Amino acid sequence: MPKSYEFTMSRECSKCGDLFSIGFARCDNPSCGKVRPEFTKHEKVVTKDRGTCIWSGRNTDVRLPNGDWLWAPYFLDALRAGWLDANYQYTPQYLAAKARKKGRKT
Ligand SMILES: [Zn+2]
């Protein structure tokens with residue numbers, strides 16, 4: 001698995017110079033609100049609201065069309081892993097991975 005976007009995403013807003021909050025797609029500065037470069041192609045999922053990531057429980061502003069919130073780096077990870085299609089719907093690969101995780105013995 002490649003390194004999570006948690007560690008590779010841009011850190012600083014090129015518009016206002018503030019540091020980005022890691023879990024958000026948009027700059028935290030209320031007078032700025034620039035979308036991170038990693039999300040310019042995915043502005044459809046970047047909201048003005050905030051919710052809780054279904055995987056990590058952390059706050060985020062990234063929401064899938066089905067209503068699921070995803071922490072910004074995890075959204076990019078999921079996209080790269082082929083877990084989301086071009087319309088940001090879960091793919092069979094994701095559903096299979098999820099089923100495997102559920103069935104895992106502890
Ligand atoms: Zn900014």
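## The zinc site

Donors are N, O and S atoms within 2.8 Å of the metal. In this predicted model, the zinc ion has four of them: the SG atoms of Cys 13, Cys 16, Cys 27 and Cys 32, at 2.3 to 2.4 Å. Along the chain, the donors of the zinc ion are spaced as C-x2-C-x10-C-x4-C. Cys 13 and Cys 32 both lie in the loop between helix H1 (5-8) and S1, so this pair ties together parts that are 19 residues apart in sequence.

What is the geometry of the site? The angles among the four donor atoms run from 104 to 114°, and the site is tetrahedral. For four tetrahedral donors, the ideal angle at a metal is 109.5 degrees.

Cys 13 counts as buried because its relative accessibility is 2%. Cys 32 is also buried, at 16% relative accessibility. Cys 16, another donor to the zinc ion, has a relative accessible area of 32% and is therefore partly exposed.

Cys 53 has a relative accessibility of 4%, so this residue counts as buried. How many disulfides does the structure hold? The number is zero.

## Aromatic pairs

Across the whole structure, a search finds seven aromatic pairs. One of them is formed by Trp 55 and Trp 83. Their ring centres are 6.1 Å apart, with 80° between the planes, and the pair is edge-to-face. A pair counts as edge-to-face if its planes are over 60 degrees apart.

Where in the chain do Trp 55 and Trp 83 lie? Trp 55 is in the loop between strand S1 (46-52) and strand S2 (59-62). Trp 83 is in the loop between helix H2 (72-80) and helix H3 (92-103). The two residues are 28 residues apart, and the pair links distant parts of the chain.

Both tryptophans fall in the middle class of accessibility: Trp 55 is partly exposed at 33%, and Trp 83 is partly exposed at 27%. Trp 55 and Trp 83 also belong to one aromatic cluster, together with Tyr 90 and Tyr 94.

Note on methods. Residues are numbered from 1 along each chain as its sequence is written. This is a predicted model: local features need pLDDT of at least 70, side-chain atom pairs count only at pLDDT 80 or more; totals for chains, interfaces and linings use all residues. Side-chain values use heavy atoms; hydrogens and water are left out. Rings of Phe, Tyr and Trp (its six-membered ring) pair if their centres lie within 6.5 Å; planes under 30 degrees apart count as stacked, over 60 as edge-to-face and the rest as tilted. Helices (H or I, at least four residues) and strands (E, at least two) are DSSP runs, numbered from the N terminus. Buried means under 20% relative accessible area, exposed over 50%, partly exposed in between (1.4 Å probe, protein chains only). Donors are N, O and S atoms within 2.8 Å of the metal (3.2 Å for Na, K and Ca); water is not among the atoms, so sites may look incomplete. Four donors count as tetrahedral if all angles lie between 85 and 135 degrees; four count as square planar and six as octahedral if opposite donors are over 155 degrees apart and all others between 65 and 115; anything else is irregular. A disulfide is a pair of cysteine sulfur atoms within 2.5 Å.
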